[in-house]
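Please keep the sequence and the model in view while reading.

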Amino acid sequence: MTALEDDFGWTLGVVFRAFVKATNAAVGDLPGGHRGYQILTAATRDQPESQSALCQQLGIDRTVMTYLLDDLERASLVERRPAPADRRTRLVVATDVGRSRLEELDLRLSHAEAHVLSGLPASDRETFKALLCRLAGHVNELDPVPSACQAVQDIAASTT
């Protein structure tokens, strides 16, 4: 153990680092990595009303989203279709290949999460996740992060 074990920031950082490494290993071969997974999940399960709505939902800049969607489309995982009500609006829809790939990725990510949480007894894992979700929701209400890009910029700025 270390003198830092009681330091909240250090412990969060260690857990976050382990989670990022595990999830990168699980979805690293997917175009866009974890962001690509989030897009594929939303396109499969949420079916946002437009590409713009998808950007807002995931907190991804529109320019970045375009590149991510291009890569996912080239991999035959999603396609952009004109919306029936407004042909200028594009819907992002998962393909059959994309839905199948999502099932595989869900399994891989659950293994990655289990790996990170393996230091806790099984009975504590759900409690830990529930508390963390509650805390994240509270913190985000106090200081909302408009996008994942902004969150990364905030972290980078605090380390310089």
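The model is predicted, so local features need pLDDT of at least 70 and side-chain atom pairs count only at pLDDT 80 or more, while totals for chains, interfaces and linings use all residues. Residues are numbered from 1 along each chain as its sequence is written, and side-chain values use heavy atoms, with hydrogens and water left out.

Helix α1 (residues 8-27) packs on helix α5 (residues 96-116) at about 155 degrees, with the axes 9 Å apart. Helices here are DSSP runs of H or I with at least four residues, and strands are E runs of at least two. Axes are lines fitted to C-alpha atoms, for helices over the stretch in contact, and angles run from 0 to 180 degrees between N-to-C directions. α1 and α5 are therefore roughly antiparallel (an angle over 145 degrees). The contact (heavy atoms within 4.5 Å) involves V15, A18, F19, A22, T23, A25, A26 and V27 of α1 and L105, R108, L109, A112 and V116 of α5.

The axes of α2 (residues 33-46) and α3 (residues 51-58) come within 11 Å and cross at roughly 120 degrees. Q38, I39, A42 and D46 of α2 meet L54, Q57 and L58 of α3.

Just after α3, G59 has a positive phi of about 70 degrees.

Technical notes
Angles under 35 degrees count as roughly parallel, over 145 as roughly antiparallel, 65 to 115 as roughly perpendicular and the rest as oblique.
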